[in-house]
Amino acid sequence: MKHVKDMTDYWCKDTITGKYTGKNVGIAVLDTGIVPHPDLKDRIKGFKDCVGGRGRMYDDNGHGTHVTGILGGDGRMSRGVHAGMAPGADLYSIKVLDARGQGTVDGILRGMQWLLKNWNAYGIRIVNMSVGANLELEDEKGKELEQAAEALWDAGLIVIASAGNYGPGEGTVSVPGTSKKIITVGSSDIIVSTGGTHTSYYSGCGPTHECVVKPDVVAPGDQIISCNSRFGIKRQGPYTIKSGSSMATPVVSGAIALLLSKYGDMSNVEVKLKLRESCERMEKNQGWGRIRVPELLDSMRLS
C-alpha cells in the first residue's frame, strides 16, 4: 500500500530536515471528537463538545481521531511510518458529529460560531472540516453553513472542507464545500468498484449552484492508514484504515500547516493562491490538480 506522503512527494529538503513540521500552528478539526491516542495526546490543546456538552475529550465514532491523525499524528506507535502531514501542529477538536458520524446543521453551526469567537485566543490558523451536508439539505440551511464557513474565512482563518462522497455526477459537492471562498478538497483516488469487498468513494464534483468549479484541489483519500480511536480496546491495534474525501482533506490541511510554519505571516488568500500554483494538473473534475508538498513550500514560487 503506497503511503500518502509518497503520493504527495512529501519528502523534500524542508521536511527531511524536520525544520518545518507545523510547530506552533493551531488547527481546529470539526468532526466526531478525539481521543488521547499516543500519536496525538501531547499536542491536543483543546476540546469543545457541541453534541453532548461533555468537558472531557472523547470520540464515539472514530472518524475525528482518524482525520486528526492524518493531519498531525507524530507516528510514535509506528516508529514514524504512519505519522501525519504536520506532526508538530497544535490540535484543537470541536465535536459536531455524533456516534453515527451524523450531525445537525445547528450543531455544526454552534461549533463554527464558537470557533469564530475563540480562534484568536487559541492561536488557531486552520479549520479542517471533513464534514458535509447531504444533497437533500434545504437551500436555506445550506446557505447558513456556507455563510458560517465564509465568516471564518473573512476573519482570516484558512478554512478547508471536504467535497463529500456523492459524486461523480455534476453538482454533487457537499455544503459548505460549495463556498467559493474556502478551499474544497476531493480525493484523487477514483476507483471503479469491481464487485469485490472494497467500497468506492467518488468525490463530489462541481460546478456548484453558483457555477463555481469544485473541488479546488485533490489529495490521496483511498485506504488511508491513521489513528484508531479504539486502540487498546479488545486488542485493537493503534491504526485503522478509512477512505473518502474526509481523508483527503486533512492531507491538504496538514500541508498548509507546514507552509505556515515556514511562512507564518501568509494570509489565507495568499495560501490559497500558493496552493493553486503548486498543484500537479490532472484530469477533468480535479480542480487545480493534486497537491505537491515540495512545490507548495518552494520559496521561489511565492506569489
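**Close-up views of selected sites**

**View 1. Glutamine 223 in its loop.** With 29% relative accessibility, glutamine 223 falls in the partly exposed class (buried is under 20% relative accessible area, exposed is over 50%, and partly exposed is in between, using a 1.4 Å probe and protein chains only). This is a predicted model, so local features need pLDDT of at least 70 and side-chain atom pairs count only at pLDDT 80 or more, while totals for chains, interfaces and linings use all residues. Residues are numbered from 1 along each chain as its sequence is written, and side-chain values use heavy atoms, with hydrogens and water left out. Glutamine 223 sits between strand 7 and strand 8; helices (H or I, at least four residues) and strands (E, at least two) are DSSP runs numbered from the N terminus. Its phi is near 55°, a positive value in a residue other than glycine. Most residues other than glycine have a negative phi, and most peptide bonds are trans.

**View 2. Aspartate 9, with its positive phi.** Here phi is near 55°. The residue belongs to the loop between helix 1 (4-7) and helix 2 (13-16). At 37% relative accessibility, aspartate 9 is partly exposed.

**View 3. Two cis peptide bonds, ending at proline 207 and proline 215.** The bond from glycine 206 to proline 207 has omega near 0°, and the bond joining lysine 214 and proline 215 has omega of about -5°. Proline 207 lies in the loop between strand 6 (183-187) and strand 7 (217-219). Proline 215 is also placed between strand 6 and strand 7.

**View 4. Helix 3 crossing helix 6.** Two packed helices are described by the angle between their axes and the distance between the axes. For helix 3 and helix 6 (residues 245-262), the axes come within 8 Å and cross at roughly 35° (axes are lines fitted to C-alpha atoms, for helices over the stretch in contact, with angles from 0 to 180 degrees between N-to-C directions). The crossing is right-handed, meaning that the near helix is turned clockwise from the far one by less than a right angle. Helix 3 brings His63, His66, Val67, Ile70 and Leu71 to the contact, and helix 6 brings residues including Met247, Pro250 and Val251 (contact means heavy atoms within 4.5 Å). The contact residues split into six nonpolar, five polar and no charged; Ala, Val, Leu, Ile, Met, Phe, Trp, Tyr, Cys and Pro count as nonpolar, Asp, Glu, Lys and Arg as charged, and the others, Gly among them, as polar.

**View 5. Asparagine 128 in strand 4 (residues 124-129).** Asparagine 128 is buried, at 0% relative accessibility. Not counting residues up to four places away in sequence, asparagine 128 touches several residues, among them Val67, Leu71, Pro250 and Ser253.

**View 6. The largest cavity, at about 60 Å³.** On a 1 Å grid over the protein atoms alone, a cavity is a set of points where a 1.4 Å probe fits but cannot get out, and a pocket is an open set with protein on both sides within 12 Å along at least five of seven lines; lining residues have an atom within 4 Å of a point. Grid points are joined across faces, edges and corners, and a volume is the space filled by probe spheres set on the points. Strand 8 gives the most to this cavity's lining, with three residues. The lining counts five nonpolar, five polar and no charged residues.

**View 7. The largest pocket, at about 660 Å³.** Of its 30 lining residues, Leu97, Gly101, Gln102, Gly132 and Tyr166 lie nearest the centre. Helix 6 supplies the largest share of the lining, three residues.
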